[in-house]
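Subject: A structure for you to explore

Hi there,

Here is the structure I promised to pass on. Have a look at it first, and then read my notes below.

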Amino acid sequence: MDHQPKFFENLSGAGKAIAVLTSGGDAQGMNAAVRAVVRMGIYVNAKVYFIYEGYQGMVDGGDNIVEVSWESVSSILQVGGTVIGSARCKSFRTREGRLQAAFNLLQRGITNLCVIGGDGSLTGANLFREEWNGLLEELAQKGKIDAEAVKKYAYLNIVGMVGSIDNDFCGTDMTIGTDSALHRIIEVVDAIMTTAQSHQRTFVLEVMGRHCGYLALVSALACGADWVFIPEYPPEEGWEDSMCVKLSENRARKKRLNIIIVAEGAIDCHNKPITSEKVKDLVVQRLGFDTRVTILGHVQRGGTPSAFDRILASRMGVEAVLALLEATPDTPACVVSLSGNQAVRLPLMECVQMTQEVQKAMDEGRFLEAVRLRGRSFENNLNTYKLLSHKKPDAELPKTNFNVAVLNVGAPAAGMNAAVRAAVRVGMTEGHKIFAVIDGFEGFARGKIKEISWGDVGGWTGQGGSILGTKRTLPAKYLEKIADQMRTNNINALMVIGGFEAYLGLLELSAAREKYDEFCVPMVMVPATVSNNVPGSDFSIGADTALNTITDTCDRIKQSASGTKRRVFIIETMGGYCGYLANMGALAAGADAAYIFEEQFDIRELQANVEHLTEKMKTSIQRGLVLRNENCNENYTTDFIYQLYSEEGKGVFDCRKNVLGHMQQGGAPSPFDRNFGTKISAKAMQWISKKLKETYRKGKVFANTDDSVCLLGMRRRNLVFQPVAELKSETDFVHRIPKEQWWLKLRPLMKILAKYKTSYDVSDSGQLEHVAMLPKEAETGAI
């Protein structure tokens with residue numbers, strides 16, 4: 001952006017009162033949103049109130065509306081559900097109820113409401129706002145308030161945040177709680193898969209989603225389910241036969257288990273319900289398979305919020321307070337939401353109307369329209385699932401005679417296997433032969449290369465690490481041998497899934513094109529590294545899983561520190577020179593400080609942090625958490641910081657240190673990494689097909705332009721292919737990081753929520769957008 005940065009210090013909340021309530025069904029991450037609203041509100045000198053038990057508390061008043069302090073929201077970040085309660089409220093639906101609610105708010109001077117809930121809760125809030133003037137006049141006529149109050153409190157400002165595990169709200173990529181619900185579902189599916197394999201069973205899993213199939217669709221994509229039923233896309237007539245044929249084909253291919261996922265609102269094309277029991281009975285009667293039903297129910301709403309939901313909710317909470325401070329009588333009630341990895345504000349009623357349009361389309365049997373209205377991300381998920389779940393008979397597949405090699409390069413990252421699976425299956429669907437290279441460029445040089453088939457990659461989505469094997473070795477010293485292997489196996493294109501080494505490797509291979517014609521083929525890189533340090537992409541496969549590992553560990557450590565009191569933990573994270581894991585881990589775990597290479601610090605800052613913690617120990621929150629990126633400073637090592645804190649904190653707090661190490665590279669991939677890996681890899685393979693057609697001349701592939709060696713990355717709101725040659729200018733090669741990193745803008749957020757004074761550039765926020773104007777291509781920082 002060219003305009004001058006706008007800092008929120010100019011926005012003051014002095015004299016304003018903000019109330020926060022959670023309403024409707026609970027969702028993990030609501031507490032993180034409540035915490036962010038409270039702390040940001042207090043930070044800008046506004047008064048902040050809790051409204052307990054949703055709208056019921058607003059109508060009942062009294063002790064249900066309470067002013068809160070900074071410490072009121074301590075230790076709630078990692079708690080699921082909502083600590084301020086949520087209740088269905090009939091009385092708020094009546095004008096008398098809303099009149100009483102308005103009176104209760106006015107008694108405390110509250111004219112700014114932050115509502116966290118689903119579309120019903122937000123619609124109710126909007127109606128309340130529209131009636132506000134009338135309610136005030138009625139209260140004045142009844143003598144409950146004076147004319148002065150009518151003038152002083154003439155306007156009610158409302159900002160909504162969507163908390164719903166179903167992800168059923170149009171205009172936002174991800175609602176608060178969706179990612180955590182996917183974590184619960186995937187944990188269960190992973191567990192069920194092991195028992196199903198032992199007994200050769202079929203499992204029918206019912207997941208939540210009465211009107212929206214998002215959870216069912218994405219979990220089916222994330223676990224490679226055999227079949228999925230969702231309300232927006234009913235199966236065609238005769239689905240019973242097709243499903244049974246597919247299940248028995250899979251069994252015939254030696255697959256020992258079948259997983260079928262059913263959304264609770266699943267219907268057929270005549271709008272008749274499809275229940276999990278009905279599906280089970282069908283499989284048993286027709287095929288005689290040993291079949292079990294598991295209904296996940298409220299497990300999906302429970303448990304601790306994922307790192308993604310905590311960060312999402314914290315960002316939304318801060319954005320909501322900014323929106324309230326900037327609201328004027330003319331601005332419509334808005335929803336703060338996420339598009340790509342950007343916070344945006346959208347008119348609340350536009351989103352609600354579009355959400356209702358989806359339901360209307362489904363009721364009227366316009367299912368393709370319903371899928372389109374759900375948004376680009378939903379449509380992409382559906383298309384990718386259809387592409388990967390069902391193998392067409394060989395006779396129906398095109399034959400291109402192209403050979404594509406797939407390899408992993410760099411350190412292992414969770415989600416790499418999901419990416420390989422998608423590449424293999426999409427490549428085969430496009431008619432290519434796919435070759436798997438074992439152990440990166442080193443294995444390539446040694447001829448460790450074999451053809452890989454559809455069935456070989458079954459069950460790979462949930463596997464951590466790298467099944468193909470991966471090495472950090474760069475290709476420069478093996479160029480001749482790799483060229484030989486490419487010639488011997490007649491490789492016409494390369495897909496490299498990996499981290500910074502993969503990027504360097506592609507640069508080396510494209511530089512070697514002058515000498516070796518074998519490298520004049522399309523090459524694409526898919527970023528996969530826990531460090532998230534690849535130029536050209538805001539996210540890389542594996543970073544979300546690592547972030548969840550860090551967050552889980554920090555939760556446990558905080559619990560230990562709370563028990564012992566007056567204890568500060570120094571935790572070292574991975575990332576090379578990239579501070580992404582340390583910074584985002586600090587935001588998700590509610591840390592007091594995070595030391596990173598990108599933001600230089602000196603002894604004065606260390607001293608200030610110690611003093612800050614000393615002050616904190618005088619409050620009721622007697623614990624501290626400090627994260628340090630492994631390479632943030634060569635002299636201020638983890639040991640040095642630990643010793644400094646121990647010395648300076650003597651008599652006030654004691655210290656412990658913890659190096660998280662390689663556990664950050666392990667574990668089963670998170671739902672985000674499985675789906676991001678699957679979708680980005682499928683798109684990369686489609687690009688390869690397109691390039692192969694473009695560069696096939698006179699019986700051979702010849703590609704030697706810069707745009708035939710690309711990196712596919714997520715940029716703000718879109719997935720984009722960028723020539724690696726063009727990314728050179730954006731790269732700091734010495735420290736192996738991009739020169740500009742989007743997440744540094746979130747750094748002040750972490751400091752504000754940890755009670756530091758800081759400046760926060762809010763230039764990007766504040767623009768009210770319209771739902772229809774959101775870029776149709778928006779692929780998502782969501783899944």
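**Around Met750**

Setting aside neighbours within four places in sequence, Met750 is in contact (heavy atoms within 4.5 Å) with Asn583, Ala586, Leu587, Asp592, Ala593 and Ala594. Before going on, please note that this is a predicted model, where local features need pLDDT of at least 70, side-chain atom pairs count only at pLDDT 80 or more, and totals for chains, interfaces and linings use all residues. Residues are numbered from 1 along each chain as its sequence is written, and side-chain values use heavy atoms, with hydrogens and water left out.

Met750 belongs to helix α24, residues 747–753; helices (H or I, at least four residues) and strands (E, at least two) are DSSP runs numbered from the N terminus. Is Met750 buried or exposed? Met750 is buried, at a relative accessible area of 3%. Here buried means under 20% relative accessible area, exposed means over 50%, and partly exposed is in between (1.4 Å probe, protein chains only). From Met750 to Arg566 there are 184 residues in sequence and 21 Å in space, C-alpha to C-alpha.

**Salt bridges**

Side chains of opposite charge can pair when their charged atoms come close. A salt bridge is counted when a side-chain nitrogen of Lys or Arg is within 4 Å of a carboxyl oxygen of Asp or Glu. How many salt bridges are there by this rule? The count is 37.

Here are a few to find on your screen:

- Arg292 pairs with Asp290, with the closest N and O atoms 2.7 Å apart. Arg292 is partly exposed at 35%, and Asp290 is partly exposed at 31%.
- Asp394 pairs with Lys391, with 2.8 Å between the closest N and O atoms. Lys391 counts as buried, at 17% relative accessibility.
- Asp654 and Arg656 form a salt bridge at 3.8 Å, N to O. Asp654 is partly exposed at 30%, and Arg656 is partly exposed at 35%.

There is also a network of salt bridges that links Arg95, Arg98, Glu131, Glu138 and Lys142.

**A charged patch**

Which residues gather in a patch of positive charge on the surface? They are Arg88, Lys90, Arg93 and Arg210. A patch takes residues with over 30% relative accessible area and no salt bridge, joining like charges within 9 Å. Lys and Arg count as positive. Arg93 sits in the loop between β3 (65–67) and α3 (95–107), and Arg93 is exposed, with a relative accessible area of 72%.

Enjoy exploring!

Key. Patch = residues over 30% accessible without salt bridge, like charges linked within 9 Å, V, L, I, M, F, W, Y side chains within 5 Å. Areas by Shrake-Rupley, 256 points an atom, 1.4 Å probe, with all protein chains shown as cover. Charge placed at Lys NZ, Arg CZ, Asp CG, Glu CD.
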